Amino acid sequence: MPSRSTPKVLFYVQHLLGVGHVFRTMRIVDSLVATGFDVSVAHGGEKIPDISCCGADIRYLPSLRWAAADDTRLLDADGRPASDAYKDMRRDALLQLLRNTRPDIIITEAFPFGRRQMHFELLPFLETALTLSERPIILASIRDILQEGNKPSKDLQTVDIIEQFFDGVLVHGDARLTPLESTFPFVDTIRDKLHYTGIVTPRINPDNEPEQRFDVVVTAGGGMLGRELIRAALLAREHTHLKDARWCVCAGPYMAQEEFNALGDLATDGNVTLRTFLPDLPAVLSKAELSISLAGYNTVADLMAAGCRAVIAPQWNDKETEQLRRAELLSQRGLVEMIGHEDKTPAK
């Protein structure tokens with residue numbers, strides 16, 4: 001157990017395409033700081049505009065990201081394929097951060113269930129952590145529904161890494177709703193290390209008014225995905241009984257500028273507000289009549305906390321099944337209306 005009166009946490013997070021992992025991490029960090037932990041965050045992705053540090057010390061590693069949703073090459077901060085030297089620089093920066101902070105607790109977001117491309121730095125990081133004079137507690141932080149379709153050899157590699165390095169796995173869900181075994185076939189081998197935390201939802205104060213009120217809120221996460229949904233929602237607006245209501249379209253900070261500008265052609269009256277980011281999205285949803293969105297973890301957590309009626313359209317393909325699983329689960333319980341990936345049309 002930590003020997004210091006204020007336990008030190010080092011939280012590793014890396015986003016490669018979407019930004020939901022980072023926002024969930026920062027909600028957890030916010031709670032850790034509020035509870036009295038001293039938290040440092042090793043952030044490996046591109047900087048996210050307007051994100052709150054929640055009182056933590058955020059240390060940015062040299063940036064890595066995917067080239068595109070269907071192109072998983074790692075690109076460096078200049079948008080070029082990451083060289084071995086660049087990866088070595090990141091690994092060394094992470095190891096130096098470990099030595100400087102000497103944490104009581106290490107938490108890795110997604111790894112080893114995800115982020116396999118980061119083995120080059122995370123395995124040396126964990127190996128070094130085991131050699132510290134005061135060995136830290138090592139935990140994995142994962143969402144409740146994992147991507148499916150891995151080869152058994154990859155899942156067994158995950159089990160091996162957990163057994164070698166990890167003291168526990170924080171599953172951010174409810175076992176009665178989404179047990180981990182529904183998407184990870186080797187749970188029995190690590191069951192003694194699982195800790196279900198519940199869904200990580202935002203804190204919403206019902207007495208606090210958002211900066212602006214909207215009746216319909218359309219969101220697309222970070223903005224790299226969801227363009228079809230936003231366009232379909234805007235084209236459908238004039239055919240709904242909410243056509244004269246106050247609409248807000250939040251396209252996300254990473255939507256390409258030309259694509260964001262093109263949305264203005266579909267929102268020519270004063271009833272539609274276009275944004276790239278809403279810092280108080282959960283509060284805005286709590287006052288709205290309807291949400292139209294993808295089905296990512298954070299979006300669904302926001303909807304649960306806000307109690308907002310929702311149409312959700314999961315983003316999925318043969319490799320990305322997590323949003324579809326979540327949407328089907330909520331739709332089966334009558335909690336949302338689900339639009340299939342192929343049905344993101346104005347008519348639907």
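Where is the place of Arg102? In this predicted model, in which residues are numbered from 1 along each chain as its sequence is written, local features need pLDDT of at least 70, side-chain atom pairs count only at pLDDT 80 or more, and totals for chains, interfaces and linings use all residues. Side-chain values use heavy atoms, with hydrogens and water left out.

Arg102 lies in the loop between α2 (84-101) and β6, where helices (H or I, at least four residues) and strands (E, at least two) are DSSP runs numbered from the N terminus. Although Arg102 is not a glycine, it has a positive phi of about 45°, and at 38% relative accessibility it counts as partly exposed; on this scale, buried means under 20% relative accessible area, exposed means over 50%, and partly exposed lies in between, with a 1.4 Å probe and protein chains only. Most residues other than glycine have a negative phi, and most peptide bonds are trans.

The loop between β6 and α3 holds a further residue of this kind, Arg115, whose phi is near 60°, a positive value in a residue other than glycine. With 14% relative accessibility, Arg115 counts as buried. Pro112 is also found in the loop between β6 (105-109) and α3 (119-131), and the peptide bond that leads from Phe111 to Pro112 is cis, with omega near 10°.

Two strands are taken to pair if DSSP finds at least two bridges between them; strand β11 (residues 247-250) is joined to β12 by 4 bridges, and the two run parallel. Within this pairing, Val249 stands opposite Leu274 in β12.

The structure holds 0 disulfides, a disulfide being a pair of cysteine sulfur atoms within 2.5 Å. For Cys248, the closest cysteine sulfur is that of Cys250, at 6.1 Å, which is too far for a bond; Cys248 counts as buried, with 0% relative accessibility. The sulfur of Cys308 has its closest cysteine sulfur in Cys248, and the separation of 12 Å is likewise too far for a bond. Cys308 is buried as well, its relative accessible area being 8%.
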